[in-house]
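Please consult the sequence and the structure while reading the points below.

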Amino acid sequence: MRNSRTTSLLIFAFFFLISSSVTTAFHITRILRKYPEFSTYNHYLIKTNLQSQIDRQPNITILAVDNKAISSISKKPINVIKNILSLHVLHDYYDVEKLVRVLTSKTAIFTTLYQTNNGGTVSLKGFLEASMVNEGEIAFGSAAPGSGLNVKLVKPVLSHPDTISVLQITAPIIAPGIGASSPVKVPASDN
């Protein structure tokens, strides 16, 4: 009797641990709803179904673009918008502090959801590059040759350590060949 009770408790504990590790702790569209300045970005995550892919990730970083900046891609076909926005989803957790540690005295390359959506065989245009520039600013761009680091980090929006980080950037990052012939220029900053 005691062995069967112990076995039952162990089985229950095992399934509890498995189910809790598979369940996502966030829903990106619910998170972004709290920030009206990202309503268009949030709308495109839903319309392209990227939100469901994001919600299934165990740890992730979203590079969000505000309503004014995202308007530069609003007239593009929805499949192009999906490709562009999938470049804004990094396959790991990076808050500002972790980015600074990673980027101290070097440039880093990050994997993105664009790679996952395109079978992992998209060369460097499926990666993002980041580096410290000027007086400690963090700049991003496509890792494709000749793209440049034209997009800057504006501010952290939200962070749940080791799970999800949402960081605002100045403009959409567009890799050559997925929606524009050249990278988007950074708009003048109001900050």
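What covers the buried residues of α6? In this predicted model, the elements that cover them include α3 (39-47), α4 (50-55), α5 (67-70), β2 (89-90) and α8 (113-117).

**Helix α6**
- Helix α6 spans residues 78-86.
- Its buried residues are V80, I81, I84, L85 and S86.

**The sheet as a whole**
- Strands of a sheet pair through backbone hydrogen bonds, and the pairing is either parallel or antiparallel.
- Here, seven strands form an open sheet with mixed pairing, and their order is β2-β1-β7-β6-β5-β4-β3.
- Strands β2 and β3 (108-111) stand at the edges with a single partner strand each, so one side of each has no neighbour in the sheet.

**A parallel pair**
- Strand β1 (residues 60-65) pairs with strand β7 (residues 164-169) in the parallel sense, over six bridges.
- Within this pair, T61 has S165 of β7 as its bridge partner.

- The bridge partner of A108 in β4 is A130.
- Strand β4 also pairs with strand β5 (residues 137-142) in the antiparallel sense, over six bridges.
- In β5, A139 is the bridge partner of S131.

**The hairpin**
- Strands β4 and β5 form a hairpin, with three residues between them.
- In the turn, N134 has a positive phi of about 50°.

Technical notes. Residues numbered from 1 in each chain as written. Predicted model: local features only at pLDDT ≥ 70, side-chain atom pairs only at ≥ 80, totals over all residues. Heavy atoms only, no water. Buried < 20%, exposed > 50% of the residue type's maximum accessible area, 1.4 Å probe, protein only. Helix = DSSP H or I, 4+ residues; strand = E, 2+ residues; numbered from the N terminus. Contact = heavy atoms within 4.5 Å. Pairing = 2+ DSSP bridges.
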